[in-house]
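Trainee: I am new to this structure and would like to learn how to read it. Could we go through it together?

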Amino acid sequence: MVTTHIPQPQTTPIQSALIVGNYCHDVLLQGGAVVAETLGGAASFISNVFSALSVSFHLTSKVGLDFKYPVNHDPIVIPTSKTTVFHAYFDQGHTENAHQDRVLKRVEVCDPINPSDLPDKRFDFGMAVGVGGEILPETLEKMVEICDAVFVDIQALIRAFDKNEGTVKLVGLKESGFYHLLPRVKFLKASSEEALFMDVEEVRQWCCVVVTHGKDGCEVFWKDGEMKIEPFGANQVDPTGAGDSFLGGFVGGLVHGLVVPDAALVGNLFGSLTVGQIGLPKFDLRLLQRIKDEVQRRKLHNTCWFEGGNDSMSFTKPDGHDEFHASLASTKLVPTCSIQECQRDVPRSAGSVEQVIQPPCNGQ
Ligand SMILES: Nc1ncnc2c1ncn2[C@@H]1O[C@H](COP(=O)(O)OP(=O)(O)O)[C@@H](O)[C@H]1O
Ligand SMILES: O=P([O-])([O-])O[C@@H]1[C@@H](O)[C@H](O)[C@@H](O)[C@H](O)[C@@H]1O
C-alpha cells in the first residue's frame with residue numbers, strides 16, 4: 001500500500017465548519033401513490049449526521065415561505081421564492097442520467113446561493129452540497145477562498161434539470177463550469193453513476209476522489225493510489241440520502257481525528273443506517289454513543305492526520321482498520337428503537353413508514 005505521509009499531523013480537531021446547500025421537500029412515490037413526504041436535501045442529511053457526531057457547523061441554506069419542517073439550523077427564507085421540491089419515483093425504469101434506484105424530478109426550485117450569502121469569516125472546512133443547482137461556480141470559488149479545505153458532492157456540480165418535467169440529468173464535469181476549481185478542492189464525492197461523468201484518473205491528480213457503490217461500500221482514489229472500503233450490512237428501505245449521510249459520516253470521522261480509510265468506514269456506516277429508514281434517518285442514542293466510543297478509541301490510536309489548508313493526509317490503512325470495521329458493525333447490533341419509535345419525531349408528513357420502497361429491477 002502506497003503511503004503519503006505528512007510531516008506532522010495536526011493534533012487538535014478542526015473547529016469550524018460551513019455547510020452550503022438548500023433544504024428541500026422530498027416526495028417519495030411508488031405505484032402512483034405518495035409513500036412519504038420528508039425533509040430533504042444533502043444539507044439536511046449531513047446536518048443530521050454532524051449533530052449525531054457532535055460536530056458543530058454553520059449552515060447557509062435557502063427556502064421559501066412554504067418550508068414546512070422544523071430544523072435546528074435556520075435557513076434564509078426568501079419570501080418571493082418557493083422551497084425546492086424533489087419527487088422521487090421508485091417504479092420508473094431508470095434512465096442513463098438518473099440514479100439507478102429511482103428517477104428524481106425537481107418540481108420546484110428555490111433561489112441560488114450567491115457568494116454574498118456566505119458568512120464573512122473563515123472556516124477550517126466547507127461542504128458544497130447542493131442538490132437543485134443552487135451552488136454557483138462563483139459560490140464555490142468563494143468557499144475555497146474562505147475555507148481551509150472544501151469537500152464537494154459532485155451532485156452539486158453536474159446536475160441539469162429537464163426544462164419540462166425537471167427530471168434530473170447529469171452533465172460531464174468538464175462541461176459543468178466548475179472544472180477549473182477542482183485543484184482547490186480537497187475531496188470530491190461521487191456515486192458510481194455520477195463517476196461516469198468525470199475522468200477519475202485526471203481529477204485524482206488534483207483532489208481525493210471518493211466513489212460510493214451502494215451496498216458494496218466505497219473506493220478512495222488519490223494521486224498515488226486507491227483503496228476499497230468495506231460496507232456494512234443493511235436492509236434497504238429507502239436509498240434517499242445515503243450518499244449525503246456517507247459524506248457526513250466521512251467528514252465527521254476526519255473531524256474527530258480519524259485517518260481517511262477509517263473515516264470512510266464511518267461514512268459507510270452512516271450510509272447503511274440511512275437506507276434502513278425512509279427519509280431523514282433518526283439515530284438511536286445508544287447506537288450513537290457506541291459509535292462515538294469506538295471513534296474515540298480509534299482516534300486515541302491515531303493522531304489527527306487531516307490538516308485543513310494543505311495536501312497532507314495519510315491514506316495508509318492503519319493497523320486495526322479491519323477490527324475497527326468489526327467494532328462499528330457491532331454497534332449496529334445494539335437493540336435500537338423500532339422503526340416506528342425511531343421515526344416518531346423525524347420531520348415528515350403523509351405516508352406509511354412501514355412500506356418498503358422497492359427500486360425497479362435494473363433496466364425495468
Ligand atoms: N443497501 C445498502 N447497504 C449498505 N450500505 C449502503 C447501502 N446503500 C448505500 N449504502 C452506503 O451508503 C453509501 C452511499 O450510498 P450510494 O447509494 O452509493 O450513494 P448515493 O446516495 O449518492 O447514490 C455507500 O457507499 C454505502 O456505504
Ligand atoms: O440520495 P442522495 O443522492 O444521497 O441525496 C438526495 C438527493 O439526490 C435528492 O435530490 C434530494 O431530494 C434528497 O433529499 C437527497 O439529498
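Mentor: Gladly! A residue is near a molecule or strand if one of its heavy atoms lies within 4 Å of it. Ligand 2 has 19 such residues around it, and D26, G41, R102, R159 and D244 come nearest. This is a predicted model, in which local features need pLDDT of at least 70, side-chain atom pairs count only at pLDDT 80 or more, and totals for chains, interfaces and linings use all residues. Residues are numbered from 1 along each chain as its sequence is written, chains are lettered from A and ligands numbered from 1 in the order in which they are written, and side-chain values use heavy atoms, leaving out hydrogens and water.

Trainee: Which side chain has an N or O atom 2.6 Å from an oxygen atom of ligand 2?

Mentor: Such a pair is a polar contact (N or O atoms within 3.5 Å; within protein, one must be able to donate a hydrogen and the other to accept it, and residues adjacent in sequence count only if both atoms are side-chain atoms). The side chain of R159 has an atom at that distance, and so does the side chain of D244. From the backbone, a polar atom of G243 lies 3.2 Å from an oxygen atom of ligand 2.

Trainee: Which residues come nearest to ligand 1?

Mentor: Among the 18 residues around ligand 1, they are K189, T212, G214, G217 and N268. A polar side-chain atom of T212 is 2.8 Å from a ligand 1 oxygen, and N268 also places a polar side-chain atom 2.8 Å from an oxygen of ligand 1. G214 uses a backbone N or O atom, again at 2.8 Å from a ligand 1 oxygen.

Trainee: How do I read two packed helices?

Mentor: Two packed helices are described by the angle between their axes and the distance between the axes. Axes are lines fitted to C-alpha atoms, for helices over the stretch in contact, and angles run from 0 to 180 degrees between N-to-C directions. Helices (H or I, at least four residues) are DSSP runs, numbered from the N terminus. Here α6 (residues 242-255) and α7 cross at roughly 145°, with axes coming within 7 Å.

Trainee: At what angle do α7 and α9 pack?

Mentor: Helix α7 (residues 260-275) and helix α9 (residues 321-331) pack at about 20°, their axes 10 Å apart. Angles under 35 degrees count as roughly parallel, so α7 and α9 are roughly parallel to each other. In contact terms (heavy atoms within 4.5 Å), P261, D262, L265, V266 and L269 of α7 meet H321, F324, H325, L328 and T331 of α9.

Methods: Helix = DSSP H or I, 4+ residues; strand = E, 2+ residues; numbered from the N terminus. Parallel < 35°, antiparallel > 145°, perpendicular 65-115°, else oblique.
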